[in-house]
Amino acid sequence: MARLHVAVGVILDDRQRVLVARRAAHRHQGGRWEFPGGKVEPGETVVQALCRELEEELAISPTRTSPMMRIEHDYPDRRVSLDVHRVSAWRGEPRGLEGQPLAWLRATELARRPFPQANLPIIRRLALPPFLIITEPLAPGDLAGLARRLQSLAVPARGAWLQLRLPDWDDRAYGRALALAIRTLGPRGVDVTANRSPAVARRAGGHALHLNARALMACEARPEGFVRVGASCHSPEELARAEALGLDYALLSPVAATASHPRQVPLGWERFRDWLGRVDLPVYALGGLGPEALELAWAHGAHGVAGIRGFWPPRGSPP
Ligand SMILES: Nc1nc2c([nH]c(=O)n2[C@H]2C[C@H](O)[C@@H](COP(=O)(O)OP(=O)(O)OP(=O)(O)O)O2)c(=O)[nH]1
Ligand SMILES: [Mg+2]
């Protein structure tokens, strides 16, 4: 059975809601929800096919797209290869030209609708927010200072999560900081990942774990008991290790020059794209980047942007 090549669009608005449509009952995978798109015709590029399909199905013309992932899936009656692209800007107002119902959903709402089986990796990937904010250096044990900084955090409309990175803090103080961060940010919809040993993270109630590159390379297996585990990477070997361990994401740095790691040579965007293209893993761009770099990062294959300085309000500014 030949594999059907399908262009799929993850259409995202500026609050990171995704446009989905319900497939008509009589079609393959009928009645289920889908990300709009369709078959790539002979002679078309994937992006050309996507633009044509979105014109035909929704009356919109994409003006900005970026590659997101590729999925091979075998249904009992059909084999498909989904070439998934983000659509982050378009002309026109989406309408269901084929009578199909449409809905704009947040990532957390996608899991509650029936989608074709092949779409599950897309839904899992969308659950990772596009911004990963890393804590700034803070005097060891200064919990009150941390509380003030967490309060001051302006969460980007597209969504973010936080990596609690306090390398100078001892385990005890770190555990208290982690519990504080989870308590403060959880109600604001911001998950917190612990950059510490699994034992300390677990004891403080952490459910996500971040490994630095040294911890990653020392790891024999994915640490157990966390819903999300990721790692900091600086080379293709480290990325390959993160993929082999079945981690959920990686950070790749430094893309540009940074104040926090002045001696590291920046990768630049071309090498960044080349390296992340060798693994099947969502990768955040890190190093000298702020939230404004998201479209550029997407254009180079990144899942999102991670950073320190570009995300926090200046110290001493009113909360
Ligand atoms: N468009 C789309 N297709 C998907 C998704 N997930 C998934 O398994 N598929 C499968 C279902 C179909 O077998 C195939 C897409 O074909 P399609 O029926 O949408 O193709 P098309 O728009 O060109 O439609 P048509 O001309 O055949 O009516 O890929 C998805 O999220 N979006
Ligand atoms: Mg279609």
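**Exercise 1.** In which helix does Glu-57 lie? Find its place in this predicted model, then work out whether Glu-57 is buried or exposed.

*Solution.* Start with the helix: α1 runs over residues 46–58, and Glu-57 is part of it. Next, take the relative accessible area of Glu-57, which is 5%. Buried means under 20%, so Glu-57 counts as buried.

**Exercise 2.** Which residues does the UniProt annotation "binding site" cover, and where do they sit relative to each other?

*Solution.* The unreviewed UniProt entry gives this annotation to Gly-37 and Glu-57. Now look at Gly-37: it belongs to strand β4, residues 37–39, and is buried, with a relative accessible area of 10%. Finally, check how the pair meets: the backbone nitrogen of Gly-37 is 3.4 Å from a polar side-chain atom of Glu-57. Beyond its sequence neighbours, Glu-57 also touches other residues, including Glu-34, Pro-36 and Arg-95.

**Exercise 3.** How many residues surround ligand 1, and which polar atoms lie by its nitrogen and oxygen atoms?

*Solution.* Begin with the shell: 18 residues surround ligand 1, with His-28, Lys-39, Tyr-75, Arg-78 and Asn-119 the closest. By class, seven are nonpolar, four polar and seven charged. Then go through the atom pairs:

- Glu-34 places a polar side-chain atom 3.0 Å from a nitrogen of ligand 1.
- Phe-35 has a backbone N or O atom 2.6 Å from a ligand 1 nitrogen.
- Arg-78 has a side-chain N or O atom 2.6 Å from an oxygen of ligand 1.

To finish, consider the cover: ligand 1 alone exposes 620 Å², and the protein buries 83% of that.

Terms used:
Residues are numbered from 1 along each chain as its sequence is written. Chains are lettered from A and ligands numbered from 1 in the order in which they are written. This is a predicted model: local features need pLDDT of at least 70, side-chain atom pairs count only at pLDDT 80 or more; totals for chains, interfaces and linings use all residues. Side-chain values use heavy atoms; hydrogens and water are left out. UniProt positions are given in the numbering used here, feature names are shortened, and annotations may be inferred rather than shown by experiment. Helices (H or I, at least four residues) and strands (E, at least two) are DSSP runs, numbered from the N terminus. Buried means under 20% relative accessible area, exposed over 50%, partly exposed in between (1.4 Å probe, protein chains only). Contact means heavy atoms within 4.5 Å. A polar contact is a pair of N or O atoms within 3.5 Å; within protein, one must be able to donate a hydrogen and the other to accept it, and residues adjacent in sequence count only if both atoms are side-chain atoms. A residue is near a molecule or strand if one of its heavy atoms lies within 4 Å of it. Accessible areas come from the Shrake-Rupley method with a 1.4 Å probe; for residues, only the protein chains shown count as cover. Ala, Val, Leu, Ile, Met, Phe, Trp, Tyr, Cys and Pro count as nonpolar, Asp, Glu, Lys and Arg as charged, and the others, Gly among them, as polar.
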